[in-house]
Amino acid sequence: MITEALNNLYQSYTGNPAETIEELPSSGSNRRYFRLSGVKNLIGVSGTSIEENKAFIYMAEHFRKKGLPVPEVYCASEDHSFYLQEDLGDMLLFNAIEKGRTSSVFDEQERELLKKTITLLPTIQFAGADGFDFSQCYPQAEFNQRSILWDLNYFKYCFLKATGMEFQEDRLEDDFQKMSDVLLRNSSATFLYRDFQSRNVMIKDGAPWFIDFQEGRKGPVYYDVASFLWQAKAKYPEELRQELVAEYIHALKKYIPVDETYFLSQLRHFVLFRTLQVLGAYGFRGYFEKKPHFIQSVPFAIDNLRQLLKEEYVEYPYLCAVLRELTGLKQFSDDLKKRMLEVKVISFAYKKGIPNDPTGNGGGFVFDCRAINNPGKYERYNHFTGLDEPVIHFLEEDGEITQFLEQAYHMVDNSVKRYMDRGFTNLMVCFGCTGGRHRSVYSAQHVAEHLHSKFGIKVHLIHREQNIEEIFEPTI
């Protein structure tokens, strides 16, 4: 039995049997973890892959000698099936930033933990590689063409084919080869962590510690940055990602000169590659091994993929076409629609009352246009609305409404960004004037077009007093 073997190891190390043995939640791998308590709290590990266990034990010992924050391995069984390591507690970085992940609003403490973690990454990549014997790595000593094509085909067979999509395999393989060439443009003697993400970082006494690095190998620095900042369920807002990339580059400059433009250009390719590799893992662990955690993560990775494809990867035209078709599949697009923001923009007359919010969310913005110079004072505009050229010319001539809308854009844009980040599905924006005919109609029309153009979201435009409705369908 596993617990008996671990208890024997515990007793041989401490001189006493463990008082309690508690199995800890499983990770994505086939390793099992146990907390053994008694004269000393230790973590017992049972791993079915002997070579993987040996790799972890070697790496942990090497990194400890370099002063890196990794758990100490105290002892192992003769056959390396079991080993005991330092107990770092229970706080994963993933859980420490839970409020930010669920709300997409990361507070200062969460941001600080992320900064500490990303700025430590170059240390393990460079200091960790100093004197490192890469022949100890498992299953590959380095990030090379074979490992790249393994991962891309992992995506193809375990995820892409599982969707039932049809595609031309030879053309896809051609683009896989092109991607391999791009990813290997720069040789590097640095340590590639491979699965560097918030579930593999623990927080002890407010500082990050690295765990689960046993699949590490020699490879380029970009991969780990992509793994960490584009982790599917981490849900980092784009501005936070950019801030953390800047923090990483600043830390990286202590080791090598950095051309920031080139770095960011090359990073994009690793982000795409890592996203495909992750989808392959989700397909295998979720669809084939039926592990719910991985199935639940698929929509987040698909969202990452959608965002990446907004900017063309000219090197891989056929692959991008396949991926766009993939993200548009009904099982993924339906899920997106459920979580997609719809903004309702309404023009109205104050004398007929402010519009009710049918979603039950209590309404949103209500902008009062009555301070703007009113075309309705002049008889020649009575037969026109804010959609007609004579009224448009009148309103724009003195620039008053343009300044008004610039302020409205700023306020509404900020809310739309936050609503999208947080997964909210409804926002109402209303513009009122005296008769609901000129100023409010002009304003609502322009805001609806602006929001659809800028964010690609669904906008439902209603000119209430004119009985006019228009739907701007989402483009994302």
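User: What makes Glu-169 partly exposed?

Analyst: This is a predicted model, so the numbers here are computed from its atoms. Glu-169 has a relative accessible area of 27%. Buried would need under 20% and exposed over 50%, so 27% lands in between and Glu-169 is partly exposed. Lys-161 gets that label too, at 38%.

User: Why are the side chains of Lys-161 and Glu-169 called a salt bridge?

Analyst: The N to O distance is 3.3 Å. The limit is 4 Å between a Lys or Arg nitrogen and a carboxyl oxygen of Asp or Glu, so the pair qualifies. By this rule the count comes to 30 salt bridges.

User: How do you know that Lys-352 and Glu-465 make the list?

Analyst: They meet at 3.8 Å, N to O, and because the cut-off is within 4 Å, that counts. The two come from distant parts of the chain, 113 residues apart. Lys-352 is in the loop between strands S10 and S11, while Glu-465 is in the loop between S13 and S14. As for Lys-352 itself, 58% relative accessibility is over the 50% mark, so it's exposed.

User: What about Asp-151 and Arg-194: buried or exposed?

Analyst: Both are buried. For Arg-194 the relative accessible area is 10%, and since buried means under 20%, the label follows. Their side chains form a salt bridge at 3.1 Å, N to O. Asp-151 sits in helix H6 and Arg-194 in the loop between strands S6 and S7, 43 residues apart.

User: What is the phi of Arg-194, and why mention it?

Analyst: Phi is near 80°, a positive value in a residue other than glycine. It's worth a mention because most residues other than glycine have a negative phi. Asp-205 also has a positive phi, near 55°.

User: What makes the peptide bond from Tyr-138 to Pro-139 stand out?

Analyst: That bond is cis, with omega near 5°. Most peptide bonds are trans. Pro-139 is in the loop between H5 and H6.

User: Why is the pair of Phe-132 and Phe-191 called tilted?

Analyst: Two numbers settle it. The ring centres are 5.4 Å apart, within the 6.5 Å that a pair needs. The planes sit at 55°; stacked is under 30 and edge-to-face over 60, so tilted is what remains. The pair ties together parts 59 residues apart in sequence, because Phe-132 lies in the loop between H5 and H6 and Phe-191 in strand S6. Phe-132 is buried at 8%, and Phe-191 is buried at 0%.

User: How do you know that Phe-196 and Phe-210 are edge-to-face?

Analyst: Their planes are 65° apart, and the cut-off is over 60, so edge-to-face it is. The centres are 5.7 Å from each other. Phe-196 is in the loop between S6 and S7, and Phe-210 is in strand S8. Both residues are buried. A search of the whole structure gives 36 aromatic pairs.

User: What makes Asp-212 buried, and what does it touch?

Analyst: Its relative accessible area is 14%, and under 20% counts as buried, so that's the call. Asp-212 lies in the loop between S8 and strand S9. Leaving out residues up to four places away in sequence, it touches Arg-31, Tyr-33, Phe-56, Tyr-193 and Asn-200. With Tyr-33 there is a side-chain polar contact of 3.0 Å, which counts because the limit is 3.5 Å.

User: Why are the buried residues of H14 said to be on the same side?

Analyst: The buried residues of helix H14 are Val-391, Ile-392, Phe-394 and Leu-395. They cover an arc of only 165° around the axis, so they share a side of H14. The face turned away from that side carries the exposed Glu-389 and Glu-397. Helices H15 and H16 are among what covers the buried residues.

Methods. Residues numbered from 1 in each chain as written. Predicted model: local features only at pLDDT ≥ 70, side-chain atom pairs only at ≥ 80, totals over all residues. Heavy atoms only, no water. Buried < 20%, exposed > 50% of the residue type's maximum accessible area, 1.4 Å probe, protein only. Helix = DSSP H or I, 4+ residues; strand = E, 2+ residues; numbered from the N terminus. Arc of directions from axis to C-beta. Contact = heavy atoms within 4.5 Å. Phe/Tyr/Trp six-rings, centres within 6.5 Å; stacked < 30°, edge-to-face > 60°. Polar contact = N/O pair within 3.5 Å; in protein donor to acceptor, adjacent residues only side chain to side chain.
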